[in-house]
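Subject: Structure handover

Hello,

Here is the structure we spoke about. Please open it alongside this note; the findings follow below.

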Number of protein chains: 4
Amino acid sequence: MTLTIGVDVGGTKVAGGVVDDTGKVLVQARRDTPADDVGKTRDVIIELVTELATGHDIGAVGIGAAGWIDASRSTVLFAPNLAWRDEPLREYVSTATGLPVIVENDGNVAAWAEFRYGAARDADDSMVMFTIGTGVGGGIVLGGELLRGANGIAAELGHMLTVPDGHQCGCGRLGCIEQYASGSALVRFARAGARQEPQRATALLELAGGDAEAVTGPMVTAAAQAGDPISAEAFAQIGRWLGTSLADMAQILDPQVLVVGGGVVEAGDLLLGPTRRSFTDALAQRSRLAVAEVRPAELGNTAGVIGAADLARRL
Amino acid sequence: MTLTIGVDVGGTKVAGGVVDDTGKVLVQARRDTPADDVGKTRDVIIELVTELATGHDIGAVGIGAAGWIDASRSTVLFAPNLAWRDEPLREYVSTATGLPVIVENDGNVAAWAEFRYGAARDADDSMVMFTIGTGVGGGIVLGGELLRGANGIAAELGHMLTVPDGHQCGCGRLGCIEQYASGSALVRFARAGARQEPQRATALLELAGGDAEAVTGPMVTAAAQAGDPISAEAFAQIGRWLGTSLADMAQILDPQVLVVGGGVVEAGDLLLGPTRRSFTDALAQRSRLAVAEVRPAELGNTAGVIGAADLARRL
Amino acid sequence: MTLTIGVDVGGTKVAGGVVDDTGKVLVQARRDTPADDVGKTRDVIIELVTELATGHDIGAVGIGAAGWIDASRSTVLFAPNLAWRDEPLREYVSTATGLPVIVENDGNVAAWAEFRYGAARDADDSMVMFTIGTGVGGGIVLGGELLRGANGIAAELGHMLTVPDGHQCGCGRLGCIEQYASGSALVRFARAGARQEPQRATALLELAGGDAEAVTGPMVTAAAQAGDPISAEAFAQIGRWLGTSLADMAQILDPQVLVVGGGVVEAGDLLLGPTRRSFTDALAQRSRLAVAEVRPAELGNTAGVIGAADLARRL
Amino acid sequence: MTLTIGVDVGGTKVAGGVVDDTGKVLVQARRDTPADDVGKTRDVIIELVTELATGHDIGAVGIGAAGWIDASRSTVLFAPNLAWRDEPLREYVSTATGLPVIVENDGNVAAWAEFRYGAARDADDSMVMFTIGTGVGGGIVLGGELLRGANGIAAELGHMLTVPDGHQCGCGRLGCIEQYASGSALVRFARAGARQEPQRATALLELAGGDAEAVTGPMVTAAAQAGDPISAEAFAQIGRWLGTSLADMAQILDPQVLVVGGGVVEAGDLLLGPTRRSFTDALAQRSRLAVAEVRPAELGNTAGVIGAADLARRL
């Protein structure tokens with residue numbers, strides 16, 4: 001059986017795996033990302049692919065990376081966490097490895113994995129996925145295919161307008177959903193709450209050594225699971241906004257399934273409870289109509305490897 | 001050559017036409033809509049189709065109507081301006097006329113017409129259209145096909161959230177784009193301006209017989225064209241919000257073309273100028289990337305007939 | 001002992017009373033308001049004062065009315081619910097009755113009554129009151145005196161900006177607190193909820209004969225008291241915004257007491273519970289500092305008569 | 001003639017002056033603020049007062065400082081830029097110098113100076129001042145006296161709610177005016193603009209050595225004065241929000257004069273033009289009524305010394 005390799009290039013780690021045609025990861029490997037060095041990042045990817053390919057019958061390589069990818073899925077136009085600018089990644093890796101290569105946005109890759117083998121595997125036509133990590137990413141499947149857009153940059157869901165004149169986004173605009181429903185927003189809300197009402201954030205502050213500014217995302221999750229009110233409220237805040245955006249997606253695209261993935265979704269009902277309540281409220285006028293379910297992603301942080309490998313298989 | 005019939009069922013008029021395979025309307029006819037009477041509205045449609053079919057070789061009938069249509073394009077689930085509730089319109093008309101029938105949402109029908117024969121006829125894959133009438137409707141074409149959604153109700157663009165806790169929408173939610181970028185919003189903004197600052201709305205108030213409450217949409221357009229500042233500002237307000245929603249569409253779907261249609265777009269640059277400025281501002285962070293053009297619709301109020309007929313041809 | 005007369009001119013009723021120097025109402029009388037007829041409204045007031053004055057030693061007359069009153073407290077510049085425009089009410093009534101007269105805004109009059117004899121009678125210096133009726137009115141006492149402003153129009157609290165680009169206000173601006181925390185807003189929120197989710201508004205819809213559009217303010221109160229979820233949520237919505245505005249008042253004026261009056265406050269904790277939670281949340285950063293209590297008004301709809309009479313006593 | 005000393009304690013400098021009864025500063029002196037050291041800051045103030053007092057007939061000392069001051073004007077409860085917590089400053093300085101001392105919030109002190117000797121010196125009763133520095137401060141004069149509030153903390157104008165769910169404020173709340181109309185907001189808006197549209201920020205970026213993150217407030221002012229579009233738009237953004245808050249102040253307090261002070265107002269019409277337009281728009285419904293003028297402060301950064309000295313004179 002022909003296998004494919006999936007590579008997930010993050011800001012700190014490059015993960016790769018050999019994947020079969022059922023979405024199963026047979027072998028995995030990982031490297032640190034030399035994020036500031038364009039050439040070294042490229043070399044690390046090539047090394048990793050070469051290592052993984054050894055001893056397997058590999059048909060193609062898929063690479064997922066945060067950033068804007070050109071419409072031909074060859075070049076990384078811009079990557080927020082890496083030094084790449086107009087990086088012809090497909091050509092480099094293909095030349096070095098002798099394998100066909102496809103490059104895809106990380107949100108798209110994760111969505112594809114969940115559509116094929118994860119939370120939306122029962123769907124045959126359409127799904128929309130929000131990936132809630134440090135930022136907010138997205139992926140859209142319609143007609144059984146990943147939506148890439150006329151210019152290759154569809155599904156930039158993190159920059160939908162949510163609060164006019166709201167919190168400043170790194171993209172320049174005020175009030176993008178990324179400022180209200182990301183892991184960074186979770187931490188910001190939790191820190192503010194802990195500064196304001198420390199007596200309601202004792203569990204959280206204990207984890208942070210008493211310093212609200214030292215609070216991290218995993219601490220908010222742990223404290224919320226232990227019943228810390230400020231931490232639970234921080235999840236409720238991001239869930240409220242996420243539910244609203246999911247409702248917009250249901251109204252715009254009416255997909256079969258809506259999926260919420262990314263590291264933050266590991267908090268489970270702490271996030272999904274408020275998200276679903278807000279989603280239902282926002283759709284109340286549609287109560288007579290069927291609408292997609294909101295489900296958590298199932299593949300965790302291997303979605304990137306699986307999705308990239310599966311897209312490579314379709315080359 | 002086989003022809004098809006398109007029917008556009010509005011709250012006050014039912015319009016129909018015989019259309020050829022180049023989108024040309026050969027014959028037209030019109031009736032008043034007996035909107036309160038389910039049976040009579042149905043009878044009027046059947047009469048109109050029968051009349052139009054006489055003497056032509058008709059292959060199929062397409063009907064566009066405001067409202068939610070089921071996924072099989074047979075039944076009108078709910079129509080805001082008509083008495084229909086779960087109306088099996090396809091079956092009635094098909095049985096009465098002996099022709100294949102398809103029923104489609106009016107925003108979708110207009111978008112299809114513009115994609116095939118109008119403002120986006122150079123696009124072969126994708127477009128998004130906002131129809132700015134009394135309310136805000138929408139239509140989405142992706143992969144060369146109308147997006148219908150898993151439950152038949154995609155492209156409900158009028159109910160995207162625009163201002164959290166904003167103006168009450170008829171749908172129950174606060175702050176839908178329909179409350180900020182529709183013809184009704186235009187009139188509301190113009191009336192408020194004329195009450196507040198009558199000295200800057202003299203042209204508008206003259207048209208309205210001196211009574212701000214008597215202002216209508218066509219008056220706002222006429223006054224704005226004559227240089228009335230309050231009327232121009234009302235267009236700028238709806239354009240500002242429309243541009244923001246178009247930018248969201250570019251980020252979500254990245255279509256080849258963005259189209260603005262509906263009666264209000266007849267005001268031309270009064271609407272499109274502020275719309276494009278707001279669109280560009282909202283996308284400033286993407287300035288290095290290609291993005292769809294924003295164009296006015298070209299088919300005016302025959303889009304409904306043409307689009308419905310063309311969809312029928314594809315049955 | 002010298003007594004004074006207080007008159008409360010509303011859109012539907014003119015109420016009057018003879019009041020002693022402890023704020024006690026000795027005699028009361030009422031007339032319908034002929035609101036469309038400037039002259040008749042004036043005559044009704046004069047008749048009422050004359051009737052009340054008979055057999056009492058009256059020193060002065062105070063008149064409270066909705067609208068803008070000039071800085072000398074003589075002329076009603078504009079009254080939203082009456083036909084008065086630049087009406088020299090003081091002169092008319094004084095000439096007709098031979099008594100000194102003062103005219104004052106109704107929100108100011110009610111605030112003064114609560115400051116002297118009601119919810120803030122333990123305060124000797126300052127209080128701010130929001131009156132939640134059909135609209136939102138206000139009154140401010142600072143330094144033991146009613147704040148009238150340089151142009152006579154201070155304490156227009158109903159038109160503080162609450163939601164930028166929010167619901168259209170009758171005053172022309174978008175998003176005034178009057179559109180979010182008034183009795184009208186309560187009804188609007190309850191109707192929308194009942195339309196959207198009728199199954200959660202059964203008690204409310206029963207009172208309204210099954211028609212969401214027939215819902216009135218008293219019905220929302222009655223249904224909420226009976227446990228109707230949609231009705232309780234409508235109170236929570238207006239309380240949320242009211243609490244935010246009260247917090248702004250605490251930060252701007254830091255008064256001894258904050259009072260919430262008007263017909264809607266008769267709902268008690270249904271309104272005050274959410275109001276106080278929102279107030280506390282908004283002031284969380286001040287948790288180490290003392291801040292005014294939020295109290296319900298105590299004088300109900302006699303506040304207008306008592307306050308007007310007491311202001312007249314100070315002439 | 002008896003003179004008084006005013007001291008202005010900032011985060012980086014302590015400024016002092018001997019002031020006569022016409023508001024004229026006869027002698028000035030300055031020291032660096034040892035901001036992290038409670039005891040040393042106190043000592044610097046005492047040294048400065050002692051030095052200034054030498055050779056003058058000094059009646060009292062007034063000290064202005066950013067932070068919350070208790071109602072008796074003796075103790076600094078909390079100072080955001082200094083290490084003081086419940087610092088009994090009045091007692092320390094009075095004991096050390098043998099002079100009567102009053103401690104007052106810096107926004108109040110500046111407002112008092114402008115009311116007595118600056119932009120509002122023609123007013124005899126009331127004014128409201130916004131101080132636009134790094135943050136947003138305020139001061140209110142009513143009935144010819146500084147409004148101190150029941151708990152000593154009135155006029156916290158920087159934390160009025162402006163955008164619900166808006167940009168995170170250091171106080172914990174989302175959307176305070178300080179996040180939209182301060183010098184920090186000016187810089188944030190300008191940096192975002194320069195990142196997004198560098199070609200429209202050439203003058204600004206030149207001043208910042210090509211690095212948007214290196215932009216400072218004075219650079220934005222200089223570039224805007226040189227015609228840089230992005231810099232001018234940053235002023236327009238903060239002016240828009242400031243005008244809205246000034247309109248709220250006119251509606252709540254109806255003062256004789258509205259003043260805008262602080263370092264940012266040195267940009268003149270770049271700030272005041274958009275501010276006045278927004279103010280007028282927000283008050284459009286009141287166009288028939290008189291309303292306070294919006295004026296720039298006149299005393300610049302000596303307002304603190306003059307106001308503190310003048311308040312001391314009134315002890």
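The contact between chains A and B takes 37 residues from chain A and 37 residues from chain B. Two residues are in contact if their C-beta atoms, placed from the backbone, lie within 7 Å. On the chain A side, helix H8 (residues 229–253) gives the largest share, five residues. Helices (H or I, at least four residues) and strands (E, at least two) are DSSP runs, numbered from the N terminus. By class, that side of chain A has 22 nonpolar, 10 polar and five charged residues. Ala, Val, Leu, Ile, Met, Phe, Trp, Tyr, Cys and Pro count as nonpolar, Asp, Glu, Lys and Arg as charged, and the others, Gly among them, as polar.

A note on the source. This is a predicted model: local features need pLDDT of at least 70, side-chain atom pairs count only at pLDDT 80 or more, and totals for chains, interfaces and linings use all residues. Residues are numbered from 1 along each chain as its sequence is written, while chains are lettered from A and ligands numbered from 1 in the order in which they are written.

Next, symmetry. Chain A superposes on chain B by a rotation of 180 degrees with 0.0 Å of shift along its axis (RMSD 0.0 Å). The same surface serves both: 100% of the contact residues of chain A recur in chain B.

Is Leu161(B) buried or exposed? Leu161(B) counts as buried, because it has 23 C-beta neighbours inside 10 Å. The cut-offs are 20 or more other C-beta atoms within 10 Å for buried, 12 or fewer for exposed, and partly exposed in between. Leu161(B) is found in the loop between strand E11 (145–146) and helix H4 (178–181) of chain B. Leaving aside neighbours within four places in sequence, Leu161(B) is in contact with Thr244(A), Asp248(A), Ala282(A), Gly175(B) and Cys176(B).

Now the domains of chain A. The assignment, automatic or from a database, gives domain 1 (3–112 + 302–313) and domain 2 (122–297). Their centres, taken over C-alpha atoms, are separated by 26 Å. 11 residues of domain 1 are in contact with 16 residues of domain 2. H3(A) gives the most to the domain 1 side, with six residues.

Best wishes

Notes: Least-squares fit on C-alpha atoms with pLDDT ≥ 70 in both.
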